Amino acid sequence: MTRRRSFLKAVGGAAALGTAGCMGGSSSPSYDTVRIGTYNSFIDAPSTSAGDWVKEEFESRHDLTLEWVVPDGGLQHFFQRQQQGADLGADAFVGVTPPDLVNADQELDDPLFTSYDTGAVENSDNVVDAYEFDPQNRVIPTGASYVSLVYDEGVVSPPETLEALTTEEYADTLLLANPQSTTTGLLFLLWTINTVGADSYLDYWADLMDNGVTILGSWGDAYAAYSEEEKPMVVSYSTDQVYAAAENQDMSRHQIAFPNDQGYAYVDGTAKFAATDRGELVDTFTSFMLDPAVQQEVAVKNVGLPTVSNASLPEEFAQYAHEPKQPIQFGYDALAENLDTWREDWSRQVAEK
């Protein structure tokens with residue numbers, strides 16, 4: 001499920017404490033209400049979003065109320081609430097990525113999330129092994145895709161390697177969401193580190209910057225600029241054609257490239273807040289999110305892939321959900337050891353530019 005979300009630290013300050021119109025609700029909801037935090041684009045994405053359908057379908061299946069909690073700062077809002085010792089105002093969060101989990105573990109004195117009893121979460125045994133990223137089962141994968149390049153085949157040819165992006169052929173062609181403040185950009189940064197090497201990635205990025213890459217504040221900004229044909233290539237998701245087909249878009253502007261035959265695995269999941277007193281309701285909600293029919297519908301609406309082996313995209317969309325020959329991603333331990341250093345060194349270099 002492609003997530004158009006902000007990532008942690010760059011959200012910052014007062015803005016992260018503000019709340020969107022979806023916050024709403026009583027501070028003491030009844031015990032037939034489950035309060036689920038999420039990022040804004042799960043409710044209101046630039047393309048399509050799943051939130052309204054999930055709420056309606058969940059409530060139709062269960063004698064429960066689903067209340068979305070959508071703060072401006074995304075997950076960072078709950079980090080700050082926890083640091084302040086304040087009530088979180090939610091029971092779980094949809095959209096936790098591996099970097100999110102690492103940051104929660106490293107930045108907070110007390111655990112933000114608690115482990116699931118997977119025996120209480122229906123269909124969790126069918127989560128694809130490659131998508132599992134939390135050794136402690138605090139996050140159950142509920143959305144997936146791959147970061148890739150989306151390009152206009154009438155203007156550029158697909159780059160065969162990441163190194164090609166630093167050559168004259170691809171000068172001033174690439175749009176990118178900021179790796180410091182977005183998941184899409186961060187995963188592209190991690191892709192370059194994985195492929196070019198931790199000892200060489202800063203040199204690679206110096207060359208990429210010199211070659212005219214444009215870095216914008218959000219995935220939405222980058223994709224909008226691409227849609228307006230400001231440049232012929234954007235770092236986005238390998239399921240982009242699912243959206244394009246559903247919206248009857250010109251497929252020539254929605255071609256997918258996997259430099260080095262690679263794509264960086266994007267996975268996010270549903271995590272239970274440690275402070276909740278509605279753990280069983282969260283189990284019910286997470287079971288719902290793993291239901292094969294729900295997985296299929298959410299994947300289409302969020303322009304992503306199911307995370308369970310017993311669900312697939314509808315036939316009319318499956319042909320448009322591309323996957324790389326070589327999926328790559330860093331494991332939890334590598335991120336826990338290196339993520340802050342990699343990101344800070346990258347930011348320092350870009351700031352010096």
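Helices here are DSSP runs of H or I with at least four residues, numbered from the N terminus. In this predicted model, helix α13 holds R348 and D345 three residues apart, so about one helical turn separates them.

**Helix α13**
- Helix α13 spans residues 332-352, 21 residues in total.
- Its first and last C-alpha atoms lie 30 Å apart, close to the 30 Å expected at 1.5 Å a residue.
- The helix bends by about 55° at N338.
- Its buried residues include Y332, W342 and W346.
- The buried residues of α13 pack against α5, α6, α7 and β7.
- R348 and D345 form a salt bridge, with the closest N and O atoms 2.8 Å apart.
- R348 is partly exposed at 45% relative accessibility, and D345 is partly exposed at 25%.

**Strand β3**
- Strand β3 covers residues 92-96, and five of its five residues are buried.
- β3 pairs with β1 in the parallel sense over three bridges; A92 is the bridge partner of I36.
- β3 and β10 run antiparallel, joined by four bridges; F93 has A271 as its bridge partner.

**Salt bridges**
- The structure holds 13 salt bridges.
- R278 pairs with D91, the closest N and O atoms being 3.9 Å apart.
- That pair links distant parts of the chain, 187 residues apart.
- R278 is buried at 6% relative accessible area, and D91 is buried at 0%.
- R278 also meets D277 in a salt bridge at 2.8 Å, N to O; D277 is partly exposed at 47%.
- A network of salt bridges links R35, D91, D277 and R278.

Key. Residues are numbered from 1 along each chain as its sequence is written. This is a predicted model: local features need pLDDT of at least 70, side-chain atom pairs count only at pLDDT 80 or more; totals for chains, interfaces and linings use all residues. Side-chain values use heavy atoms; hydrogens and water are left out. Buried means under 20% relative accessible area, exposed over 50%, partly exposed in between (1.4 Å probe, protein chains only). Helices (H or I, at least four residues) and strands (E, at least two) are DSSP runs, numbered from the N terminus. Two strands pair if DSSP finds at least two bridges between them. The expected span of a helix is 1.5 Å times one less than its number of residues. The bend at a residue is the angle between axes fitted to the seven residues ending there and the seven starting there. Contact means heavy atoms within 4.5 Å. A salt bridge is a side-chain nitrogen of Lys or Arg within 4 Å of a carboxyl oxygen of Asp or Glu.
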